[in-house]
Each structure stands twice: as C-alpha cells, then as structure tokens.
Amino acid sequence: MNRAQKISLTMVITFSLGLFLGIILIVMRLFDVGIPKIAFLFPVFIAGSGGIISITCFKKDKGTIIFDERDKLIEKNANLAGFGAVYLYVIVMSFLPIGILGEEGTIPVTWCPALLIGAGFCQAFAQSIAILIQYSRGGKDNE
Amino acid sequence: MNRWQKIAWFNLIVIVAGSVISVVAAGTLPPEERLMPPNRVTVVIIISLVLVGMAKTIFRKADKGVDFDERDGQIHHRANLFGWTGFGLGMAATIMVCYLAVGPMGSFPPLALPIIPLVGVGLKIIVESVAALIQYGWSSEGEKP
C-alpha cells in the first residue's frame, strides 16, 4: 500500500466514524435524550483527525520515486471526483431545507458556515474514495 | 482563435452580462422579494446557465483536424481546478454577504439558499474561462493561418 492509499484509507475510516457518530447524535437529539450542542463537535473532531493523523504518521519516503505519471493521473481524477461530489452536496443541501422547513420556514444565518465545512469534508471523503478505487483497479502493480 | 477560446469567451460574456442584468433586475424588485425565487432574477440566471450549457453545441467541432490534444487536456484540467477554487470562494463570499445582510443573529428563508451554489457556479465559469483564455491567449494573435 503506498502513501496516498494509506492517507486515503485513514481519511475514509475517520470520516465514516465521524459521520456515524454524527447521525447517532442527531437521532438521539431528535428523541430528546438530552445531548448538549457541544457534543456535536466530537464527530467533527473525529472526522478532522484523519488529516492530522495523515500529516504526522505518513511521511514521504526519501530517495525513491514516490510519484509517477500514473499517480498524477489518479490524483487528477480524484480531484475532479471530489469537486463533483461537492457540487452535488451543495445542491442537495441548498434544496433540502426547502423540502423540510417549507417555503415559509427560516434558517439561522449561523448555519451557513456549516455548509462550507461540510463541503470541505465531502471533498476530502470523495477524493479519498476515488483514490482507493483507482489504485485498487491496478491490483498488486501499485506495490 | 480555436474552438475552446471561442467557448471560453462566450461563457465569460454570457455570465458577466447575466450577472449585470440580474443585478439590474434585482434593483427593480421590492427589497423583500429580491432573495425570494422564483422571480425575474432567477429567470435571468437560468437563461445564462442554459446558454453556457449550450456553448459546445453552438461552437461545433471542426470537421477536419485534431480538435483536442494533450496540451488542450492540460489547459482544461488547470482551468477546471482554478474554476473549482472559484466555486468555493464564491460560496464563501455569498455566505459572508448573507452574514452582513441579515446580521449574525438573523435568519433567512430557505428559498434563498440556492443562491449560494448559483453564485458559486457563476464564479466557477468566470474563473475557468479566464484561466483558459490566459493559457491559450486572449485573441488569435500569433496563430498560424
């Protein structure tokens, strides 16, 4: 497994865990279990920890070729997949509140930055999945 | 001027003109209706985006010769990345404007939310077109006849 795959796998695991915890917290809040709002920062921290782990644990190998043309192409496609996912996410998140709250509802402006944070996470998540899928197509050739 | 330069110029002109017309159209509406689609601003934005979507049909491929080579692919990829950066910045800027318009404790109707990705898409197209034109050149100057 190369460096890009390790980073992507860590991102996918931490994001999935963060997403799962977030969904659990939202469901618990819907049933009035008594979850404080600050608890919602925990899944965000878990999801964000993927980036920190990747930077600190997976350093570049010295002296060997770690990035060739194929890696460049994979990175390019993964970038585009990430941006495409952000596009879909933003469109869904813009129209979903209209369906849930109705045309007469109101949204606090403080929710807007959450749209950007979510877009960032969505980009990294989709990019990581795209990288893993593309490398897995090559079989053992990436080793 | 090649096909991609023409498409970039077309997209740039359509989006800039569409933005100017939608700002003028918004000025003719009462303040409480400006951020409430569907209105004439939405119609202008949708027409602009449809025109941008039709650019490749309007500027058809040449019957002879290579239309898209590796250099074009590289230029497009770079322009695309710049465009997506513009998309993110456009969204962030719209959110800032929302903050300034309604205040940190304010709220707005959910119908106004689609404006955020619409501005993002507009800025993406502008940045992408400008990036493509910078790389290809703004005119047909220096091209072989």
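Predicted model: local features only at pLDDT ≥ 70, side-chain atom pairs only at ≥ 80, totals over all residues.
How do the residues of the lining of the largest pocket divide into nonpolar, polar and charged?

**Stop 1: the largest pocket**

Select A:Ile26, A:Phe40, A:Tyr89, A:Met93 and A:Ala114, which are the closest to the pocket's centre among the 34 residues lining it. You are looking at about 1800 Å³ of space. Now colour α1 (3–30), α2 (41–57), α3 (69–101) and α4 (112–137) of chain A, the elements that each give two or more residues to the lining. The most comes from α1(A), with nine residues. And the opening question? The lining holds 27 nonpolar residues, five polar and two charged.

**Stop 2: the second largest pocket**

Move on to B:Val41, B:Ile45, B:Ile115, B:Leu118 and B:Val119, the closest to the centre of a pocket lined by 42 residues. This second largest pocket has about 1000 Å³ of space. Show α3 of chain A along with α1 (3–27), α2 (40–53), α4 (70–102) and α5 (115–136) of chain B, since each supplies at least two lining residues. Here α5(B) has the largest share, nine residues. The lining divides into 31 nonpolar, ten polar and one charged.

**Stop 3: the nonpolar cores**

Next, select A:Val90, B:Phe87, B:Met91, B:Phe108 and B:Ile116. Of the 38 residues in the largest nonpolar core, these touch the most other members. Helices α3 and α4 of chain A and α1, α4 and α5 of chain B each supply at least two residues of this core. Zoom in on B:Met91: leaving aside neighbours within four places in sequence, B:Met91 is in contact with A:Val90, A:Leu115, A:Leu116, B:Ile116 and B:Gly120. Another core, of five residues, lies apart from the largest one; A:Ile74, A:Ala78, A:Ala130 and A:Ile131 are among them.

**Stop 4: the aromatic rings**

Over all chains there are eight aromatic pairs. Start with A:Phe15 and A:Phe121: their ring centres are 5.4 Å apart and their planes at 85 degrees, so this pair is edge-to-face. The two sit 106 residues apart, A:Phe15 in α1 and A:Phe121 in α4 of chain A. A:Phe15 is buried at 8% relative accessible area, whereas A:Phe121 is partly exposed at 25%.

Finish with A:Tyr87 and B:Trp84, another edge-to-face pair, with centres 5.6 Å apart and planes at 75 degrees. Because A:Tyr87 lies in α3 of chain A and B:Trp84 in α4 of chain B, the pair joins two chains.

Conventions:
Residues numbered from 1 in each chain as written. Chains lettered and ligands numbered in written order. Heavy atoms only, no water. 1 Å grid on protein atoms, 1.4 Å probe; cavity = no way out; pocket = protein on both sides within 12 Å on 5 of 7 lines; lining within 4 Å. Points joined across faces, edges and corners; volume = space filled by probe spheres on them. Helix = DSSP H or I, 4+ residues; strand = E, 2+ residues; numbered from the N terminus. Nonpolar A, V, L, I, M, F, W, Y, C, P; charged D, E, K, R; others polar. Core = buried A, V, L, I, M, F, W, Y, C linked by side-chain atoms within 4.5 Å. Buried < 20%, exposed > 50% of the residue type's maximum accessible area, 1.4 Å probe, protein only. Contact = heavy atoms within 4.5 Å. Phe/Tyr/Trp six-rings, centres within 6.5 Å; stacked < 30°, edge-to-face > 60°.
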